[in-house]
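I opened the notebook to record what I looked up, one entry at a time.

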Amino acid sequence: MIPEKELPENYDQLLDAYKQLKADYDQLCLMFDNMGQGYEEALDLYDKAMESSRMKADFIQQISHEIRTPLNILSGFTQILTSGMELDDAMKQEVSQGIAENTQRITGLVDKMLELAQTSSDADIERNDDVLAIMIAAQAVDQSGITSASHLDFDLQIAPEVETVMLRTNQQQAVHALALLLDNAMKFTHPAEAAGGSAAVTEKARVVLSVSFSSDATDHPVAFVVEDTGKGIPSEEAEHIFEEFVQLDEYYDGTGIGLTVARSVARHLGGDIMLDTSYTCGARFVYTLPI
């Protein structure tokens, strides 16, 4: 240590200047660290923005296809009707059915877009209906038309303990969310839709809807489990598939918003929809609703 008598006269000033320089240096280091963190966050936001832009571009392309296809069919039928051709009863029935189906397809697409806009809001859905859990399941089965799907076998399984369970919910929306899951199961267990329809059919696919109490929560909500033997979903995509406009396979028709709407509805009803990644024989979705 320097003896006090040998200290320069301006020692205190030099010490203060050193302390100030040290504080300024520490502040610069902190600012640099914050800049680095901000740069990483900016990169992350940029990547998310680019991914969102890509998904929206894919969505617009898919929507264009979804609209153009039925419009072309309707245009063809219109030309037949206005051509003055004599149509037999079979042709009249085919034209009438084609017009009805493709008009419904366009209407359904518009409805899905409206649903997406509505369910993206933060407002809760009113839950004023007291309805049996098994009624929700039965109506969703009817709404989806899954029992008429010729390419698969469907089974509805009701656990005895939920046969008389009532839910306080919004019946229409609860049914619709479950019907969307059944629609998804029908689409992704249909071999003719994949890879241009080249897949060989050796046996029917299977879809099971089971209704029971969930064992994964303390309040034991009712669980509607939709399980299929389709192509399945990679575990790393378990959350990605619920994002807007996401389609994991370009060979399947659709808009990529069905699962988004279904989960959003479930959460607005106080429940949730999750992909069970432990299931490896296809896909299994667990849709829970509070009592």
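**Entry 1: H3 against H4.** I listed the residues of helix H3 that meet helix H4: Met135, Ile136, Ala137, Gln139, Ala140, Val141, Gln143 and Ser144. On the H4 side I found Gln171, Ala174, Val175, His176, Leu178, Ala179, Leu182, Asp183 and Met186. Contact means heavy atoms within 4.5 Å. By class, I noted 11 nonpolar, five polar and one charged residues in the contact of H3 with H4. Ala, Val, Leu, Ile, Met, Phe, Trp, Tyr, Cys and Pro count as nonpolar, Asp, Glu, Lys and Arg as charged, and the others, Gly among them, as polar.

I wrote down the ground rules here. This is a predicted model, where local features need pLDDT of at least 70 and side-chain atom pairs count only at pLDDT 80 or more, while totals for chains, interfaces and linings use all residues. Residues are numbered from 1 along each chain as its sequence is written, and side-chain values use heavy atoms, with hydrogens and water left out.

Helices (H or I, at least four residues) and strands (E, at least two) are DSSP runs, numbered from the N terminus. I then checked the geometry. The axes of H3 and H4 (residues 171-187) come within 8 Å and cross at roughly 50 degrees. That makes H3 oblique to H4. Angles under 35 degrees count as roughly parallel, over 145 as roughly antiparallel, 65 to 115 as roughly perpendicular and the rest as oblique. Axes are lines fitted to C-alpha atoms, for helices over the stretch in contact, and angles run from 0 to 180 degrees between N-to-C directions.

**Entry 2: H4 against H5.** I moved on to the next helix pair. H4 and H5 pack at an angle of about 150 degrees, with their axes 9 Å apart. That makes H4 roughly antiparallel to H5. Gln173, Ala177, Leu180, Leu181 and Asn184 of H4 touch Gly258, Leu259, Val261, Ala262 and Val265 of H5.

**Entry 3: H5 itself.** Is H5 mostly covered or mostly uncovered? I found it mostly covered, with nine of its 11 residues buried. Buried means under 20% relative accessible area, exposed over 50%, partly exposed in between (1.4 Å probe, protein chains only). Among the buried ones are Leu259, Arg263 and His268. H5 (residues 258-268) lies across strands S6 and S7 (283-289), at about 135 degrees to S6. Glycine 270 follows H5, and its phi is positive, near 85 degrees.

**Entry 4: the sheet.** I traced an open sheet of five strands in the order S2-S4-S5-S7-S6, with mixed pairing. S2 (152-158) and S6 (272-275) stand at the edges with a single partner strand each, so one side of each has no neighbour in the sheet. The twist averages 15 degrees from one strand to the next. Two strands pair if DSSP finds at least two bridges between them. S2 and S4 pair in the parallel sense over seven bridges. S4 (residues 205-213) and S5 (residues 222-228) pair in the antiparallel sense, also over seven bridges. I followed valine 207: phenylalanine 154 stands opposite this residue, and valine 207 stands opposite aspartate 228 in S5.

**Entry 5: threonine 147.** I found threonine 147 in the loop between H3 (133-144) and S2. At 57% relative accessibility, threonine 147 counts as exposed. Threonine 147 touches Val141 and Phe154, not counting residues up to four places away in sequence.
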